[in-house]
Amino acid sequence: MFHAAMSDPGVMRYWATPPHPDLAMTEQWLADMIAADPLISDDFVIEYQGQPIGKMGCWRLPEFGYLLHPAFHGQGLASEALAGLVHYMRRRGLPRLRADVDPRNAASLRLLERAGFIETGRANRTWLVGGEWCDSVYLELALNPS
Ligand SMILES: CC(C)(COP(=O)(O)OP(=O)(O)OC[C@H]1O[C@@H](n2cnc3c(N)ncnc32)[C@H](O)[C@@H]1OP(=O)(O)O)[C@@H](O)C(=O)NCCC(=O)NCCS
């Protein structure tokens, strides 16, 4: 499932890396996620009807990322997963969640806007992915303000 999603150019259009060319790369990506130090990383597999359909969480706290297999887009499942992640991270005591989104990624921006994320800034030419410079919109959601 992960490799089907992460080798799909549509799903990976606004990801920080190009589509995975082979299964070994996805296996390494998953192994790194599982092995990451829980003090700096906290990631989840999204399941639907007992099947893994994507991932959401913080590769580097408090910055979070997410993707779903394309067969499950547009059904409110990312919104549902995000509600669960916000609840969990609030209980974990994280002060805020942050996201770095390509300004062309309408689905991702809408997901965050709907969950109450606020834009905190923008920057140009932040990521060089597959030979193409991409820009960033930064957004935050306060969880446990000090
Ligand atoms: C971003 C992503 C996880 C959203 O998943 P999803 O399950 O389709 O999202 P939801 O169904 O919960 O929809 C969230 C909102 O975005 C809107 N939306 C969904 N697809 C959209 C699109 N292509 N263009 C504009 N808005 C879109 C939905 O209508 C919904 O808004 P609404 O509640 O006002 O109707 C999914 O598109 C994805 O995996 N994209 C590829 C990976 C990616 O870009 N990750 C983010 C990197 S920052």
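Visitor: I'd like to start with K55; which strand does that residue lie in?

Guide: K55 lies in strand 2, and please keep in mind throughout that this is a predicted model.

Visitor: Is K55 buried or exposed there?

Guide: K55 counts as buried, because its relative accessibility is 4% and the cut-off for buried is under 20%.

Visitor: And what does the side chain of K55 make a polar contact with?

Guide: The side chain of K55 makes a polar contact with the side chain of D43, at 2.8 Å.

Visitor: Which other residues is K55 in contact with, leaving aside neighbours within four places in sequence?

Guide: With those neighbours set aside, K55 is in contact with F2, W15, W29, M33, D43, F44, V45, I46, G65, Y66 and L67.

Visitor: Let's step out to the strands; how does strand 2 pair with strand 1?

Guide: Strand 1, residues 42–48, and strand 2, residues 51–60, pair in the antiparallel sense over 7 bridges. Within that pairing, I46 stands opposite G54 of strand 2.

Visitor: What sits between strand 1 and strand 2?

Guide: The two strands form a hairpin with 2 residues between them, and Q49 is in the turn. Q49 has a positive phi of about 50° although it is not a glycine.

Visitor: Which peptide bond is cis?

Guide: The bond from L61 to P62 is cis, with omega near 0°, and P62 is found in the loop between strand 2 and strand 3. As background, most peptide bonds are trans.

Visitor: You mentioned Y66; which side chain makes a polar contact with the side chain of Y66?

Guide: That is the side chain of S108, at 2.6 Å, and S108 lies in helix 4, residues 106–114. S108 is buried, with a relative accessible area of 7%. Leaving aside neighbours within four places in sequence, S108 is in contact with Y66 and V101.

Visitor: Changing topic, which residues come nearest to the ligand?

Guide: Of the 21 residues around the ligand, G74, G76, S79, R110 and R114 come nearest.

Visitor: And which residues put polar atoms by an oxygen atom of the ligand, and at what distance?

Guide: An oxygen atom of the ligand is 2.8 Å from a polar backbone atom of L68, and an oxygen atom of the ligand is 3.1 Å from an N or O atom in the side chain of H73. For R110, a polar side-chain atom lies 2.6 Å from an oxygen atom of the ligand. Taken on its own, the ligand has 930 Å² of accessible area, and the protein covers 74% of that.

Visitor: Last topic, the nonpolar core: how many residues does the largest one have?

Guide: The largest nonpolar core has 26 residues, and those with the most contacts inside it are M56, F64, L82, L97, L112 and F117. Strand 2, strand 3, helix 3 (77–92), strand 4 (96–101), helix 4 and strand 6 (132–142) each supply at least two residues of this core. The largest share, 7 residues, comes from helix 3.

Visitor: What does F117 touch?

Guide: Not counting residues up to four places away in sequence, F117 touches F64, L82, L97, L112, L139, E140 and L141. There is also a second, separate core of 9 residues, which includes F2, W15, M33 and L67.

Conventions. Residues numbered from 1 in each chain as written. Predicted model: local features only at pLDDT ≥ 70, side-chain atom pairs only at ≥ 80, totals over all residues. Heavy atoms only, no water. Pairing = 2+ DSSP bridges. Helix = DSSP H or I, 4+ residues; strand = E, 2+ residues; numbered from the N terminus. Buried < 20%, exposed > 50% of the residue type's maximum accessible area, 1.4 Å probe, protein only. Polar contact = N/O pair within 3.5 Å; in protein donor to acceptor, adjacent residues only side chain to side chain. Contact = heavy atoms within 4.5 Å. Near = heavy atom within 4 Å. Areas by Shrake-Rupley, 256 points an atom, 1.4 Å probe, with all protein chains shown as cover. Core = buried A, V, L, I, M, F, W, Y, C linked by side-chain atoms within 4.5 Å.
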